[in-house]
Amino acid sequence: MRPVERYRGGAATLADGAQNLRLDVPADRDDEITRLGHTLNRMLDRLAASAARERRFIADASHELRTPLSLLRAEPDVALHRPRSAEELTRTLRSVDSEVQRLIDLSHALLDLEELGSTDHLTRAPVHLAALLNTAVAPHLHTAEHAGRALTVEAPPAHADVDTRRLRPAISNLVDNALRHGRGPVTVTATLRGGRLRLRVTDEGPGFPPEFLPRAFDRFARAEASRTSEGSGLGLAFVHAVATAHGGTTYAENTGHGTTVTLELPTARRLPRRGRGRPWGRLDQ
C-alpha cells in the first residue's frame, strides 16, 4: 500500500496549495495502483488547465473592461459638470448606451471563449453543410444587399459531425468581418477531403498586414490600419477556439486578389446523393 500512501501525500500537498503537482507513477508497471496513479495525474492535468484558463479569463476581463468602464464614469461626470442642452444630454446618453452594449458584447465573448476551453461543452451531431452555411450567412444578407455586394454559399450535398451551436456563430463572425473590412463579393465555401471539413470565407479586400498574420487569431489582437482595427479583437479568437474545440485549426492568408480565412475540422462524412438534385447550394438561387 506504499504507492497509495504516496498518492495520498501528494493529494495532501495539493490541498495545501501546491501547484503543478504530479504524482510519481512508475512507467514500467501496469497494475491497479499504477493505473490509479495515471488517472490521478490526468485529473491533475485537467485541474491545472482549468486554473490556467481561469487566470487568463480574469486577466483578459480586467484588461478589456477597464476602458469602457472608465468612459462610462467619465461621460456622466462631464455631463453633470455644468448645465447641458437636451441635444448634448442625448449625445451623452447615446455614448453611454454604446459603451454598455460594448460591455455586454465583450462579456459574452469572454464567457464563450472560457466555455470553449474544454471540449466537454461540444455537442456533435450530423448537420447538412448547405443548411448550416445558409443559416450562418442569413443575418448578413440585408447588409450585403445594401452595400451592393454578392454573398454566396457553396457546399456539397454532405453532412458533418459538428457542434452547430458553436460553428454557426464562428462562420457568422467571419462573414461579418469580410463585409465590414473587405471589398467585393464574399464567398463562403465548404469542401470535404480526406475525412476533413474545410470552411473558407473569401473576400476581395486589402487583406491583413503580413506581419499581423501570425497573430491574427490571438485574443485582443488588432492590426492598426487593417480589417481588425474595430471591435474587441475577440472575433477571430472565438473562431480559432471553436476550431480547436473540434480538434481542428484555423489560418488566414492574403491571396493575390483578396483574403481567405479557413477553418479546418476533422470528423466529416459524406451524405449519399439522392435523385437529381443540384450538387451545390447557392444562396442567390
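Trainee: Which strands does H7 lie across, and at what angle does H7 run to E6?
Mentor: In this predicted model, helix H7 lies across E6 and E7, and its direction is at about 130 degrees to that of E6.

Trainee: Is H7 mostly covered or mostly open?
Mentor: H7, which spans residues 235-245, is mostly covered, with eight of its 11 residues buried. The buried ones are Leu236, Ala237, Phe238, Val239, Ala241, Val242, Ala243 and Ala245.

Trainee: What follows H7?
Mentor: After H7 comes Gly247, and the phi of Gly247 is positive, near 85 degrees.

Trainee: Switching to the sheet, what is the strand order?
Mentor: The sheet is open and has five strands in the order E2-E4-E5-E7-E6, with mixed pairing. E2 (151-154) and E6 (249-255) stand at the edges, where each has a single partner strand, so one side of each lacks a neighbour in the sheet. From one strand to the next, the twist averages 15 degrees.

Trainee: And how do E6 and E7 pair?
Mentor: E6 pairs with E7 (residues 258-266) in the antiparallel sense, over seven bridges. As one example, Glu253 has Thr260 in E7 as its bridge partner.

Trainee: Which strands does H6 touch?
Mentor: Helix H6 (residues 164-181) packs on the sheet and touches E2, E4 (186-193), E5 (196-203) and E7, while its direction makes about 25 degrees with that of E5.

Trainee: At what angle do H6 and H7 pack?
Mentor: The two helices, H6 and H7, pack at an angle of about 145 degrees, and their axes are 9 Å apart. The crossing of H6 past H7 is left-handed.

Trainee: Which residues make that contact?
Mentor: From H6 the contact uses Arg166, Leu167, Pro169, Ala170, Asn173 and Leu174, and from H7 it uses Gly235, Leu236, Phe238, Val239 and Val242. By type, the residues of this contact of H6 with H7 are eight nonpolar, two polar and one charged.

Trainee: Now the core: how many residues are in the largest nonpolar one?
Mentor: The largest nonpolar core has 45 residues, and those with the most contacts inside it are Leu129, Leu133, Leu167, Ile171, Val188, Leu197 and Leu199. At least two residues of this core come from each of H4 (129-137), E2, E3 (158-162), H6, E4, E5, H7 and E7.

Technical notes. Residues are numbered from 1 along each chain as its sequence is written. This is a predicted model: local features need pLDDT of at least 70, side-chain atom pairs count only at pLDDT 80 or more; totals for chains, interfaces and linings use all residues. Side-chain values use heavy atoms; hydrogens and water are left out. Buried means under 20% relative accessible area, exposed over 50%, partly exposed in between (1.4 Å probe, protein chains only). Helices (H or I, at least four residues) and strands (E, at least two) are DSSP runs, numbered from the N terminus. Two strands pair if DSSP finds at least two bridges between them. Axes are lines fitted to C-alpha atoms, for helices over the stretch in contact, and angles run from 0 to 180 degrees between N-to-C directions. Contact means heavy atoms within 4.5 Å. A nonpolar core is a set of buried Ala, Val, Leu, Ile, Met, Phe, Trp, Tyr and Cys residues joined through side-chain atoms within 4.5 Å. A crossing is left-handed if the near helix is turned anticlockwise from the far one by less than a right angle, and right-handed if clockwise. Ala, Val, Leu, Ile, Met, Phe, Trp, Tyr, Cys and Pro count as nonpolar, Asp, Glu, Lys and Arg as charged, and the others, Gly among them, as polar.
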